[in-house]
Every structure is written in structure tokens, then in C-alpha cells.
Protein chains: 2
Amino acid sequence: MKLAALEYNVLSSEPVVMMNADDCLELGVGPDDRVRIAGGSSAVSTVAITDFLVRKGTIAMPSYVLDRCSAEDGDMVDVAYSPMPGSIRSLKRKIEGGKLDREAMGSIVADIMAGNLSDKEILAFVSAFNVNNADLEEVAYLTRAMADTGTVVDFGVRPVFDFHSLGGVPGNKITPMVVSIVASEGLTIPKLSSRAVSSACGTADLVDTFCDVEMDSESLKAAVRRNGGVFACGNEDYAPVGTKIIKAERPLGIDPRPTMMASIMSKKVALGTTHLLVDIPFGAGSKIPDVAAARNIAKDLRDLGTVLGMHVECAASRADQPLGTSIGPVLEAKECIRALESRDGDPSVIDKACGMAGIILEMAGEKDGRRKAEEIFRSGRAHSKFLEIVAAQNGSPDLKSDDLKPGAFVKDVHAKRDGTVQMVDNPSIVAIAKGAGAPSDVGAGIVLLRKRGDVVKEGDVLFRIYAENQGKLDRAIESARSRRPMLVSGNPVERQPADMIAERIPSKEMLDLIRFRSS
Amino acid sequence: MKLAALEYNVLSSEPVVMMNADDCLELGVGPDDRVRIAGGSSAVSTVAITDFLVRKGTIAMPSYVLDRCSAEDGDMVDVAYSPMPGSIRSLKRKIEGGKLDREAMGSIVADIMAGNLSDKEILAFVSAFNVNNADLEEVAYLTRAMADTGTVVDFGVRPVFDFHSLGGVPGNKITPMVVSIVASEGLTIPKLSSRAVSSACGTADLVDTFCDVEMDSESLKAAVRRNGGVFACGNEDYAPVGTKIIKAERPLGIDPRPTMMASIMSKKVALGTTHLLVDIPFGAGSKIPDVAAARNIAKDLRDLGTVLGMHVECAASRADQPLGTSIGPVLEAKECIRALESRDGDPSVIDKACGMAGIILEMAGEKDGRRKAEEIFRSGRAHSKFLEIVAAQNGSPDLKSDDLKPGAFVKDVHAKRDGTVQMVDNPSIVAIAKGAGAPSDVGAGIVLLRKRGDVVKEGDVLFRIYAENQGKLDRAIESARSRRPMLVSGNPVERQPADMIAERIPSKEMLDLIRFRSS
């Protein structure tokens with residue numbers, strides 16, 4: 001059937017083409033059926049059937065569907081009934097509690113990638129594929145199929161290391177430090193980071209304040225060959241189907257473990273990672289409540305790594321207050337660079353960065369990784385490597401932390417009484433920083449002048465809010481007033497322990513034993 | 001915000017209200033957010049945001065949403081942001097693999113019933129609540145919550161028996177016979193049947209050809225008090241939320257076991273059933289492949305019954321060819337009534353009806369239920385009871401099978417060779433009967449003149465198609481040509497065994513043992 005295309009913009013998690021009921025009757029198309037729309041190219045979409053909103057003879061299509069079938073508003077397009085994609089059968093099997101093999105999982109991923117499954121169907125898949133209805137083999141099939149939807153890079157070297165944080169702790173600016181330390185030892189660590197999703201600052205957001213983060217796979221390869229490491233943005237080149245799955249999950253705000261693990265690991269598979277360290281932040285106000293929960297997810301990640309032929313270790317890190325003292329892109333970049341240039345800084349940042357880098361060095365065969373990592377950091381070698389990487393990403397080779405300027409609109413928040421800081425509430429800190437404009441206003445954020453266990457007098461500055469304009473500063477102040485970002489009381493309270501990594505999983509002793517046995 | 005209501009009809013599994021992007025911006029409403037729309041009353045709906053399809057100042061609403069907020073096309077309605085319903089939290093917990101308690105399950109069911117969850121969210125729930133992520137306690141909570149969404153009847157007597165078939169076998173016209181036999185013994189069996197969903201004839205469709213099937217709960221109670229049994233339609237009065245769940249499942253054609261069991265059992269709970277027999281048809285061309293699969297589902301149903309305080313037994317019945325000789329409302333009604341009036345008929349029908357009724361009689365304490373059931377059937381008592389029930393449902397007290405007339409457009413299908421009937425294919429028979437117009441054309445259907453194991457000569461009539469007009473008859477003939485409804489070859493093949501019930505679960509011996517032990 002020839003119909004005139006009618007462009008419309010619809011914001012809904014389930015955009016569909018809309019057709020007139022008479023046309024649908026003639027075409028034999030029922031509600032939720034699919035049509036294939038052919039312009040210069042062809043695309044498949046589910047159909048909503050309406051009466052007068054769309055005139056007979058026309059088909060209302062969201063812009064992205066128009067693009068996919070290479071048509072423009074007003075063009076005549078050919079519309080035909082399209083049968084259900086084959087992967088629906090596999091999706092149904094999963095919902096009925098059955099197991100999916102490599103081919104079935106591959107067909108689901110291919111159909112998500114091609115836009116043949118609606119967001120509703122993707123959500124049904126994710127819901128069915130929950131922890132109690134997914135085994136590691138299936139997750140591995142999903143992971144590999146997801147990796148195959150984008151570029152697969154071969155750096156031509158082995159081993160390839162990577163570092164990944166499950167997130168949830170504000171101020172976690174250690175990634176450029178870890179990469180710089182590890183790459184100083186001549187190891188390959190092509191680290192792709194992401195921008196903030198719900199946080200106030202992702203690693204890509206902070207790096208973006210001082211050098212380029214977008215790199216195509218050729219420049220990525222060249223940079224890795226030269227410097228061993230990069231701090232790039234994990235863009236849509238790698239396992240791009242993950243973004244479509246996340247989009248379908250978003251309306252419910254869910255992130256079930258099997259698809260979450262596959263999304264993470266698919267990007268690592270696409271980069272040929274052989275050795276991966278995963279940071280699992282835990283504690284009040286973060287995503288993972290305690291060490292036991294961290295161990296549980298660590299075990300799943302390690303086992304998935306085994307099925308995928310990837311050596312995966314995990315480190316459970318304390319995350320019940322922000323890491324370091326700053327939150328927000330420019331502020332975090334400053335703290336990170338200042339630590340590298342001064343070879344010192346907030347103990348939580350130095351400890352976590354050297355601890356994580358140390359584990360990676362041990363994965364590469366170093367005996368005492370932490371000592372080695374600290375030596376590289378204190379000697380300034382990490383700083384030199386950092387500047388090499390920055391230069392390779394078109395940043396200044398003489399970059400200084402003082403070059404970066406936070407927002408000019410500033411407000412200090414004071415203690416209302418004498419006492420001790422009982423806690424710094426992660427969700428509140430994130431909400432205030434976002435209220436101030438982070439991460440899109442890169443100068444916006446928070447600097448903590450006090451942390452848990454610090455003794456304060458009435459009137460002391462607890463934290464400082466930065467914004468790029470008065471309106472957003474006011475919004476952040478309002479947000480701070482309606483929340484409890486920092487609690488001061490007369491009770492004594494312990495400071496954060498000096499060791500940020502509560503547990504390595506598997507432990508070093510366990511790993512030594514495994515190596516001893518297998519040698 | 002005041003907006004003009006604009007009625008539109010949309011056929012989609014996910015009808016939403018549509019608002020202009022400018023109005024949404026002003027209201028702070030994003031894609032997939034909910035709005036509360038207040039006219040005479042108020043309703044909640046998810047929102048699709050569009051540009052020019054809906055003008056600023058108006059809100060396009062499907063008719064049923066207009067109805068729910070007591071507004072008409074053109075009325076001004078008040079539109080406000082509505083937060084996510086509380087049950088979304090429970091839904092997310094289920095997707096993350098957690099367990100739901102009575103309250104959480106109740107809130108999900110209440111929100112489905114109130115229209116606060118979209119079809120997409122209901123589908124996500126059903127997908128997450130699969131066999132590997134649901135336990136019996138949760139299914140019981142779901143069942144009870146579903147029962148509470150409609151009328152709950154108390155017949156004032158105990159025990160209350162019921163009989164339910166999982167369906168999937170064409171020609172299964174035994175329900176009025178089972179009810180008549182059981183009610184002849186003075187037992188209470190308020191049988192509610194359904195119309196065809198995907199089959200050619202549901203029990204309610206065949207009963208509807210000779211008496212009323214729709215009864216409100218008061219007339220249901222009166223009829224049950226007088227006659228012990230009814231053959232009514234299980235309408236929207238009882239556990240109506242089930243229909244909303246089925247609607248959300250339909251686009252994917254799924255029916256996962258936990259929600260399927262809860263849907264069935266919720267109607268029984270609403271009727272105060274204390275003793276339930278479930279017929280589980282199995283075999284090639286039916287829903288359940290073999291006895292092992294039937295045992296598996298029987299165990300789940302029995303265990304759920306235990307949690308619900310209901311005595312549940314099951315019977316696995318042979319279903320690899322149609323039951324009896326007729327398919328379609330009038331034709332099945334004729335076969336059923338003729339068996340009752342002649343006290344004889346196709347052995348498969350008589351055996352299954354007396355076998356099922358016999359099990360129910362034994363559940364009521366009878367020693368040899370089948371013998372008793374056959375005695376009631378052969379003596380004509382079942383026929384008398386049947387006519388009493390028909391009369392109570394405004395049918396003729398002198399109803400004869402010959403009163404019912406099938407469609408006048410008839411086509412015989414002949415054997416093309418000598419041989420033996422190897423199989424009668426259930427899905428093909430259903431497709432041809434539906435092609436002929438069944439179940440909406442009540443006179444349409446099929447009469448089988450041969451069944452498996454019958455020896456035929458070339459030219460013998462294998463089956464006869466009935467339709468109410470030539471067009472549909474032609475369509476059915478065409479459907480028969482493109483399929484293999486009956487396969488004739490030279491190989492010898494066994495007839496269907498005389499005993500239609502392959503296995504009683506638990507077996508009578510097992511039950512006797514249980515009774516012996518507990519006495």
C-alpha cells in the first residue's frame with residue numbers, strides 16, 4: 001500500500017508509526033502488528049491504529065523511523081504487513097522459563113539492534129532474563145552477541161588490561177590515575193569510560209574538561225600503541241546494542257544483574273580485554289549495601305569471566321561517603337591532576353588509586369603491586385605518563401590543575417553547631433551537585449571541607465557549592481536545605497579507615513594458592 | 001493545567017493519552033510519565049508527547065480513558081502530574097529477582113485493576129514472574145489478590161466442587177455432562193466456563209446455543225441452590241483483573257505458568273471452591289506434549305491448592321485427536337445432548353465424561369466413582385438433571401438434540417486412497433472450523449466421520465465441513481486443502497485406547513493411602 005509519510009515527533013519510550021484504521025483494515029494489520037515501510041530503504045515498526053488523528057492515505061512516523069527508511073515528510077512510502085521477527089519465539093521461550101542457546105540469544109540481540117523488537121518486547125526480555133532465570137552460559141552468549149553488534153578491536157598485544165567501576169560513589173576521580181600508573185609500567189590499558197547517567201560526573205565528563213575523549217577505533221589503536229593507555233569515552237562504536245537495552249529499561253529504572261553484566265562485559269570483549277579489575281563500591285548511600293553483596297556480584301563477574309576466557313578480579317571499595325573532597329567535572333579533574341602533580345592529596349583518593357593500580361600490576365605478575373604503584377605515583381612517573389596521554393588526546397602537554405576554573409558562583413554551607421561529622425550522604429551530595437548544574441555545567445559541583453569523623457565548630461564551613469550562574473546556585477542551595485547532606489552531632493564517630501579497598505575477590509592469598517597449584 | 005479533551009480511538013496494546021510537547025514542558029511531564037486527568041471523576045494514564053498531532057491546549061484521550069474520568073470530547077479537563085504508583089517498586093523488586101509478600105502482590109494487582117499500570121508494565125511483571133522466579137506462596141498471594149478484585153460468592157454450603165479443563169483439545173463437549181452427573185448426586189458444582197479464545201468452540205459457546213449463559217451472582221446462587229449445578233459463563237464478575245493481564249500478554253501470545261495458575265485459581269477462590277478436578281489434555285497437537293509434562297503441571301496445581309486450602313486433583317486425558325466427532329458450537333451441543341438423551345454416543349466422549357465425573361464423586365466420598373457415574377448416565381438421571389439446569393437458564397425444558405441446526409452450507413472431504421487413518425491433526429481441524437466461521441457463526445464446524453485407526457476406502461467421506469454461508473465454506477475448503485487435517489496411509493495404526501484418562505494425579509491408590517494414614 002502506498003501512503004504519504006507524515007513526520008511527527010513523539011516522546012515516548014514506545015514510539016510507533018500511526019496509521020488510519022481504514023488503511024489498517026485493508027492491509028490486514030491489527031494492533032501491535034508490524035509493518036515494513038519502504039522509502040529509499042526500509043524499516044520495520046509496530047503500529048498504533050487510530051481514527052482521525054491520522055488521515056486515510058497517510059502514515060505518521062517519528063523522525064528516526066523516517067530516517068531509517070530514507071524518506072522525508074510528504075514522500076510516498078510503500079507499507080506492507082511484516083511478520084513477527086523470529087526472535088520473538090526465543091523471547092517467549094525465556095518468558096516460559098526455558099533456556100536459550102547461542103543462536104537464540106544471537107537472534108534476540110540482532111533483532112534489538114535492527115530495531116525489530118519494540119521497547120516493550122526488550123523490557124519483557126530483560127524482565128524475564130532475571131537472576132533466577134539466567135545462567136552464566138546464557139549471559140556469556142548474550143555478552144558475545146552484544147560485542148558483535150559493533151567494532152571489535154585487536155590491539156595486537158597481550159595481555160590487555162582494563163579497569164571498571166560499578167559506580168555509585170560520588171567523587172570517584174581515580175581512573176586517570178590508575179591508567180597512568182599501570183601504563184607507566186608498559187602495560188596496555190585502553191580504558192573507555194562513560195559520561196554520567198544519573199550521577200553528577202562520569203569519568204568521561206571530568207576528562208573532557210582537559211582533553212578530547214571521543215576517539216575513533218584507529219586513533220584509539222594508535223594512542224594505545226604509543227602510550228599503553230587512554231582515557232577515552234566508551235562511545236557507540238563498541239557493543240552499541242547496550243544503549244538500546246538501557247533505553248528500554250529506563251522508564252522502570254531497572255538494571256537487572258544478567259543484562260547489566262552482559263552490557264559491561266560486552267564492551268570489554270569488543271576491546272579484547274584479557275585481564276579485568278572491577279571496582280565494587282559498597283556501603284550506605286551507594287548501590288551495593290555491604291561486603292557480602294559485593295562478594296556475591298564479584299563471584300558472578302569472575303565466573304562470567306571464566307566462561308568468556310577473561311581473567312576477572314574484583315575489589316570491594318568503601319563508598320559510604322564521597323571519595324576525596326570534590327564532586328563535579330572541573331572540580332574532580334582539578335583534584336585528580338593536583339594529586340598527580342603534587343604526588344599527594346586526600347588519603348582516600350591516593351589509597352584507592354594505588355590500591356587498584358597495584359592489583360592490576362599483580363595481575364601482570366608484580367609481587368607487591370601496591371608498593372610498586374605507590375613508588376610509580378610518588379616518583380612522578382605516573383604524572384609524566386598522564387601528561388603523555390593527555391597530549392595524545394589533544395590536551396595541553398603542560399596541563400596544570402590550576403588551569404581549570406570552577407564556576408564563579410559560590411556558596412559556603414556552615415555548621416550550625418559544634419560536634420563531629422557523623423556522615424556525608426552520597427545521594428544528597430549528588431542531588432545538590434546536579435542542582436548546581438553538574439555534569440553539563442562543567443564548573444558546577446561541591447567541595448567538601450569536612451568529612452566523616454571531622455570535629456567542627458559552629459560556623460565552620462562544611463562544604464562549598466560551585467555553580468556557573470546564580471539561578472542554579474540558588475537551586476542547589478534550596479536542594480541542600482531540603483536534604484541532610486552532612487550530619488553533625490555530639491556523638492563521637494570513627495573516621496573512614498585508611499584502606500579504601502575492604503576486600504580483594506579472590507584474595508591475594510587465594511590467588512597465590514591457585515597459581516602455586518597450577519604451576 | 002486545564003486542557004480540552006479530544007476523543008480519539010487508538011488500537012494498540014498500549015493506549016496512552018497524547019499531549020503537546022509545550023504543555024508537557026510546562027507541566028514537567030516527561031515521556032512515559034503519568035498524568036491524572038480530572039473530569040467528573042479522575043483517571044491516571046501514561047503520556048505520549050507529540051508535536052503537531054495534538055494541538056497545545058488539548059489532550060487526546062482514548063474513549064475508555066474519557067469514560068474513566070467522566071468526560072466527553074470537547075470538555076475541559078484538569079491535567080496534573082501523577083507520581084509512579086507504589087506497586088512499581090514491587091514490580092522492580094520482582095525483576096531484580098526478589099520475593100514479594102502478600103502486601104506487595106496485592107498492590108500490584110490493585111494497580112493493574114485500577115488501570116495505574118500500563119500494559120508494558122504488566123507484561124514486564126508477567127515476564128519477570130516466570131517459573132524460575134516465582135514460588136507457590138507468591139502465586140497464592142497473587143491468586144487471592146486477583147480473587148478480591150471481583151465478586152466473591154458464598155453458596156452457603158460445603159463442599160463446593162468444580163471442574164476445569166486446561167483446554168487445547170477440539171470437540172471437548174463433556175462439561176455439561178460432567179456437571180449433570182455430579183449434580184444428580186446432590187453435589188454443588190457451580191461450573192463457570194469460558195468462550196473460545198483461540199479455539200473453535202468454548203463450553204460457553206456451545207451452551208449458548210440452547211440456553212442463557214450469562215448470570216449475575218444472585219441468579220447464579222439461586223440456580224445452584226435449586227439444581228446444584230449450572231453451565232454459566234465465567235464472566236467479568238469474578239477475578240476480573242485476569243482479563244487485563246491476558247490483554248497485556250496477548251501481543252506476545254504468552255501464558256506463563258505462574259500467572260496462568262493464578263488466573264484459573266482466582267476464579268475458583270472467588271466461588272468458594274473446596275474441591276477441584278483439573279483436566280489436563282496432553283498429546284501431539286495439544287498444549288501439553290506428554291504425561292510427564294501433565295504430571296509436572298498437576299503437581300504445581302495440587303501444591304498451589306494446598307497453600308490455598310483447596311483440595312485439587314488432576315486427570316491427564318488423551319488429546320492427540322479431537323474428542324468425539326464434532327467441532328463447533330451447534331455441532332458440539334448436538335453431540336453432547338444426543339449422548340445424554342440416547343444414553344450413548346462416541347466412546348471417547350462417554351468415557352471421558354463418566355471418568356471425570358467419577359473422580360469428582362470419589363472426591364465426595366464415593367467408593368467406585370466411575371461405576372456410579374456410568375449408572376447415573378445410563379439410567380437417564382443425568383439427562384433429567386441436564387434439562388432441569390437448562391430450564392433454569394431459560395432454555396427449553398423439552399430440549400432435543402434435533403432442535404439444533406448446523407449451517408446449511410456443507411462440503412464432504414473424501415479419502416483419496418485406501419488405507420488407515422494415521423492421525424487427525426488438532427491444529428488443522430481447529431483452523432478449518434474457524435475458517436468456516438466457528439465460533440461466532442454457531443452453525444459452523446466439522447463432523448468427523450473417521451478417526452485414528454479407522455480403515456477407509458478411496459472416496460469414503462473423511463469429514464464434513466459446515467458453514468453458514470458459501471464464502472466461509474469456500475474459505476474452510478481452501479484451509480483444508482492447504483493443511484493435513486487427516487492423514488491416510490497403508491500403515492496399520494492403533495485406535496485411541498478406550499480409557500481417555502491416562503492418569504489420575506494423585507492416583508486413587510495414593511489418595512486411599514493418604515486417607516488411611518490420616519484416619
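I began with strand S15 (residues 419–424) of chain B, which pairs with S19(B) in the antiparallel sense over four bridges; strands (E, at least two residues) and helices (H or I, at least four) are DSSP runs numbered from the N terminus, and two strands pair if DSSP finds at least two bridges between them. I noted that this is a predicted model, in which local features need pLDDT of at least 70 and side-chain atom pairs count only at pLDDT 80 or more, while totals for chains, interfaces and linings use all residues. Residues are numbered from 1 along each chain as its sequence is written, and chains are lettered from A and ligands numbered from 1 in the order in which they are written.

I looked up the partner of Val424(B) in S19(B) and found Met486(B). The open sheet has three strands in the order S17-S15-S19 (chain B), with antiparallel pairing; its edge strands, S17 (455–456) and S19 (486–489) of chain B, each pair on one side only.

I then turned to helix H3 (residues 87–95) of chain B, where the buried residues (20 or more other C-beta atoms within 10 Å of their own, C-beta atoms being placed from the backbone) are Ser87(B), Ile88(B), Ser90(B), Leu91(B), Lys94(B) and Ile95(B). They lie on the same side of H3(B), because they cover an arc of only 160 degrees around the axis, taken from the directions from the helix axis to the C-beta atoms. After H3(B) comes Gly97(B), with a positive phi near 95 degrees.

Note on methods
Buried ≥ 20, exposed ≤ 12 C-beta atoms within 10 Å, placed from the backbone.
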